[in-house]
Amino acid sequence: LFGNAVPVTLQTLGVMLAGAILGAWRGSLAVATFLALAAAGLPVLAGGRGGLGAFVGPSAGYLVGFLVGAAVVGLLVDRLRRVTFAPVLLACVVGGIAVVYAVGIPVQALVTGVPLPTTAQLSLAFLPGDLLKALAAAAITVGVVRAYPAARPVGRTGRVDRAAADGRPAS
């Protein structure tokens, strides 16, 4: 897309949702499982690709960034007392976009031989779509936690704070 060697996908939405809903540890495990399935050859990547070749191509850094990004989203959301839209959106932007780009863009530049500033500039074409994915991930996360509080442990203890999950003040 737009001269970029990396395709547009909804995969970053999955990364954001994994971290935001499952938490840092379980979200990272979910993404690691996805990457293991891709490495094993299952056609789960863009264009129905799979196999170890994806981990040495232009998208390799983004795939590694998915793992780190899910962990960062999860860590940030894990720190919340209540799962509300704006903080979850910020967590998705930081972990699901900034972290993924920070790992993916330099590796893409290295693999393609395109200078880092040019690769970074080309990658800006993905930003509007990724911001929409972050908005969707935040809205979905808040909706899931409201409907099913046990899906998302709140706080450092990992226990569900039912009052916080329901949006009520803690007692």
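At what angle do the axes of helix α3 and helix α4 cross? They cross at roughly 125° and come within 9 Å. Axes here are lines fitted to C-alpha atoms, for helices over the stretch in contact, and angles run from 0 to 180 degrees between N-to-C directions. The model is predicted: local features need pLDDT of at least 70, side-chain atom pairs count only at pLDDT 80 or more, and totals for chains, interfaces and linings use all residues. Residues are numbered from 1 along each chain as its sequence is written, and side-chain values use heavy atoms, with hydrogens and water left out.

Start with α3, residues 85-112. Helices are DSSP runs (H or I, at least four residues), numbered from the N terminus. α3 has 28 residues. From its first C-alpha to its last it reaches 37 Å, close to the 40 Å expected at 1.5 Å a residue. That expected span is 1.5 Å times one less than the number of residues. Just after α3 comes Gly 113, with a positive phi of about 80°.

Next, follow α3 to α4, residues 116-123. Which residues of α3 meet α4? They are Tyr 101, Ile 105, Pro 106, Gln 108 and Ala 109. From α4 come Leu 116, Thr 119, Ala 120 and Ser 123. Meeting means contact, with heavy atoms within 4.5 Å.

Now turn to α1, residues 11-39, and α2, residues 60-78. Their axes come within 7 Å and cross at roughly 110°. α1 and α2 are therefore roughly perpendicular to each other.

α1 also pairs with α5, residues 127-147. Here the axes come within 9 Å and cross at roughly 35°. On the α1 side, the contact takes in Thr 12, Leu 13, Met 16, Leu 17, Ala 20 and Ile 21. The α5 residues include Asp 130, Lys 133, Ile 140 and Val 144.

Conventions
Helices (H or I, at least four residues) and strands (E, at least two) are DSSP runs, numbered from the N terminus. Angles under 35 degrees count as roughly parallel, over 145 as roughly antiparallel, 65 to 115 as roughly perpendicular and the rest as oblique.
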